[in-house]
Structures are given as C-alpha cells and as structure tokens.
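Here is a quick tour for someone meeting this structure for the first time. Have a look at it, then read on.

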Amino acid sequence: MELSKKVGKAELNYDGKVYPFDVMEGTEKERAIDMRALRKETGAISFDPGYANTGSCHSEVTFIDGEKGILRYRGYAIEDLAVNCTFIEVAYLLVHGTLPTQSQLSKYSRLLNRHSLIHEDMRNFFENYPEHAHPMAILSAMVVSLSSFYPELDSSSSEEELDLTVARLLSKMRTLAAFSYKQSVGEPHVYPSSKLTYVENFLNMMFYTPVANYEITPVLVRAMNKLLILHADHEQNCSTSTVRMVGSAGANLYASIAAGICALWGPLHGGANQAVIEMLEYIHKEGSGVEEMVKRAKDPDDSFRLMGFGHRVYKAYDPRARIAKTSCEEVLNQLGIEDPLLGIAMELEEKALNDPYFKERNLYPNVDFYTGITLRAMGFPMNMFTVIFALGRLPGWVAHWLELKNDPDKRIGRPRQVYTGPVHREFVPIEKRG
Ligand code: CMC
C-alpha cells in the first residue's frame, strides 16, 4: 500500500512546551497531522466526537473532494463508471484495484454464477422469521451465518482463495437479499440461473413467481446497475468504518460485513432512502406543503430533519444525487410512470436550495434523495431499499476489509474518551443502601 509522504512539521504549544508533529500528504494533496504520539508525548488525547477530523487509515480505494463534489473509485470518476460500466465491473475494480479486461470480467462473472446458490440448510433459517420481518434484519443474520458454512480467509490464503471467498459473498448476498424479500411476502424462493447476469438474476429472483412471468427489461437492468454503482463505495463512512473496526479485532469477513449491514440500517445512513419516501408520502397524503417540512427541518426545537439532505463530507451537490436524479427521470419516463412523489421531491429540493438555512450550512440533496423514487418505480417495496444499498456497498466494504488486512499500520480500533462520571465512591453494602 502507498503511504502518505511527510511534508513538514506542525507544532503544538501545550502546558508550556512545544511538541512537533509530522505533517503528512496524500496523493490528492490532502494534509493530515500525525497525532499517533500525542498521548505518549503530552498525556492528553484528541477529542473528536463523530470523528469528523480524524483520519483512521491510509486508503487507496476511494477519493472524495466534498467541497468540489468529486467522487472517484480507484481514480475513476463516478460519472464515467455509472454510464459505462456494469456493477460487476465496478465491484472488480474496487476489490482488485484495476478495471477488468473482457476475459477477466467473463471469468469473474462465471465465478459469481457458480457460487450463487446458498447451502440448502440455510434456506430453512428463513422459515422461522415472523411475517413482515425487516429484510435488513434477515440479511445481516444470514450473512454472518455464511461463516458457519464456508471457509474463512486467513493470512496464508492464496489469491485464488481470496477471489473465491469474495465472489461467494458478492453472489450469495444477492441471493440472500432476494430470498429475504420472498420470505417477507410469503412467496416461494426463486433460485439463481446461470443464464442470467448478476443484476438480471437479482431482478428475476425478486420478482419472478411461478404464476406470473417477469420480464427483465434493459431499462430495469441499466437502472439497477447504475444504482448499485452509485452506492459501491464512499470511503470511511459509518458502515465502512464499522466493517474496518470489527475487522481490526481480527473478526472474519462475514462477521465484519454483517456488522456493516447493521450500521447501514440506521436512518441517518443507508436507511435514509426509506425515510425519504416515508417523508414524501407523508407530504402527499397529509397534503401538508413542502414549506411546512422545510420550516420544521429548520426548527431547532424539532428533531425532524429533511431526509436525503445534507452530508458530513459533501459541502457541494453530491455527485451521486445528480446521477440518481437524472436516472430517476429516465426510468419513470421509460416505464411511463407518473409518480407524484417526484414532483414533491423536486419542489422540496428547490425550496431548500433557495433557503438561507440550507445555503448557509451547505446542505444539498444526497444520494438517498432520488433513489427511493426509482426503486419504487421498479417495483421494490420500501423495506428493500436499504438492502439494495447494502448490495451496492458490499464491494466497497470488502475492498476496505482487504486493505485493512494488509495495512502495515493496522492496530485494533480503540478510541479513548474523556470520562465525566463520578470519581471514586465508597462501596455501600446492599443492606445499607437507602
Ligand atoms: N435537515 C435539516 N438540517 C440539517 C440536515 C437536514 N437533513 N442535515 C444537517 N442539518 C443541519 C444540522 O442541524 C446542523 O445545524 P446547526 O449547525 O444549526 O446545528 C448543521 O446542518 C450541520 O449538521 P450536522 O448534524 O453537524 O452534520 P453531520 O455531518 O453530523 O450529519 C447527516 C450528516 C447526513 C447525518 C445529516 O446531514 C442528516 O441527518 N441528514 C439526513 C439523513 C440523511 O439523508 N442521511 C443520508 C446520508 S447520505 C447516504 C449515506 O452515506 O448514508
């Protein structure tokens, strides 16, 4: 792995002493102050809730410039990848570091197809979930269960074993996702087919039933590929950092990814795509104007936030949201669907972007703002939206887990705290407590 260069020194003047720290620079000229010796040298720790200023690792996977609205996977612009690639090409890029040649891609696709089934014993697990169980709950449990059916990677694993394990996970998680949905609606599971591509298979496993044929159209396949590519990685976001944190303790790939799925479920993260549609539906059903939502989002005494708006890193328009918006309009047009929620979303965006509160705070639509409307038009129920985000994010999680595994600076993730609880108290036996 390429490490950053030392480009100078920063000094900390603390408690009457000056402490020098190295300044590091990455390939895109981002700078960091190396604080690894801070506590040892000064006795103090850095305080950074939410880790907004904390670089936890070196990484070669994804670059984001939040001020300019730039997103690149392994150096390639998201705009180029979304238009020209399939999701599997992008997954290969993230995991292997280079775009595949035609023959590498064909070989990889065959590998994915060969490993798309799940162990038949695992299918029984689905039966015990209650009706309407959230597919994210089922998915996370099923992914960690894969570790009891398939071998793990270790330090002696060959390149081939690594490829096989990753292909297994990519392929089986898609099958598990579709089975989770079928379970939640009480329909028979549909097996993957070697005649279909990754995305075609997913759509077929989701929507085919023995009593109603399902036509896999190029519009749907293109839109699905694009959606998955938009979600494929986003450097050290909450779920990816969770995958790395769990992986740093030495947990296996399946356990680390299952933890990432759970982190993604939160409405401030991947769960936002579902929350956006709930918000738009509320506006539609209740007839409450978008002004009211904008007003509530600005009210410091109201916990309501405009879902699908704002981002920790982007202080400009999220490039993924721009692509998602165009794709959403295309899909609705091509399918001949008029969804009133699209009109509401556009009105909401316009109002917010012209409002001083949102302008001052650089709050723009994020990737989740338009994706839910597209997924709805494609026939996905709301509780599958975050599952699709997870499928998209999987190659990114894997790339980071592998990167961590080979990182010379790797240490167990273990932040510190500033303790504010009681100081030492005399113990009181239970009979004397009043
Ligand atoms: N609506 C109203 N106000 C907002 C919003 C919003 N969606 N987002 C941020 N703000 C305000 C926030 O109240 C704060 O105001 P003030 O400075 O007056 O206290 C200011 O903007 C800065 O916000 P923050 O909470 O410090 O920002 P953060 O970086 O900690 O949180 C976020 C980022 C994405 C969690 C937040 O913007 C949010 O809750 N958005 C809605 C949920 C959402 O859409 N999440 C999906 C994120 S993109 C997909 C993904 O990667 O998961």
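Helix α7 covers residues 159-185, and its 27 residues should span 39 Å at 1.5 Å a residue; the end C-alpha atoms sit 40 Å apart, which agrees. That expected span is 1.5 Å times one less than the number of residues. Helices here are DSSP runs of H or I with at least four residues, strands are runs of E with at least two, and both are numbered from the N terminus.

Before going further: this is a predicted model, where local features need pLDDT of at least 70 and side-chain atom pairs count only at pLDDT 80 or more, while totals for chains, interfaces and linings use all residues. Residues are numbered from 1 along each chain as its sequence is written, and side-chain values use heavy atoms, with hydrogens and water left out.

Back to α7: 21 of its 27 residues are buried, so to speak mostly covered. Buried means under 20% relative accessible area, exposed over 50%, and partly exposed in between, using a 1.4 Å probe and protein chains only. Just after α7 comes G186, with a positive phi of about 70 degrees.

## A hairpin out in the open

Strand β1 (residues 5-14) is another story: the count of buried residues among its 10 residues is 1. β1 runs antiparallel to strand β2 (residues 17-25), and 9 bridges join them. Two strands count as paired if DSSP finds at least two bridges between them.

The β1 and β2 hairpin has 2 residues between the strands, and D15 takes a positive phi near 55 degrees.

## A three-strand sheet

Next up is an open, antiparallel sheet of 3 strands, in the order β4-β5-β6. β4 (62-65) and β6 (76-77) stand at the edges with a single partner strand each, so one side of each has no neighbour in the sheet. β5 (residues 70-73) pairs with β6 over 2 bridges, and R72 has A77 in β6 as its bridge partner.

## Around the ligand

What surrounds the ligand? There are 19 residues, the closest being H269, R305, L306, G308 and R312; a residue belongs if one of its heavy atoms lies within 4 Å. The shell divides into 9 nonpolar, 6 polar and 4 charged residues.

A backbone N or O atom of L306 lies 2.7 Å from a nitrogen atom of the ligand, and one of F309 lies 2.9 Å from a ligand nitrogen. Taken alone the ligand exposes 930 Å², of which the protein buries 74%.

Methods: A polar contact is a pair of N or O atoms within 3.5 Å; within protein, one must be able to donate a hydrogen and the other to accept it, and residues adjacent in sequence count only if both atoms are side-chain atoms. Accessible areas come from the Shrake-Rupley method with a 1.4 Å probe; for residues, only the protein chains shown count as cover. Ala, Val, Leu, Ile, Met, Phe, Trp, Tyr, Cys and Pro count as nonpolar, Asp, Glu, Lys and Arg as charged, and the others, Gly among them, as polar.
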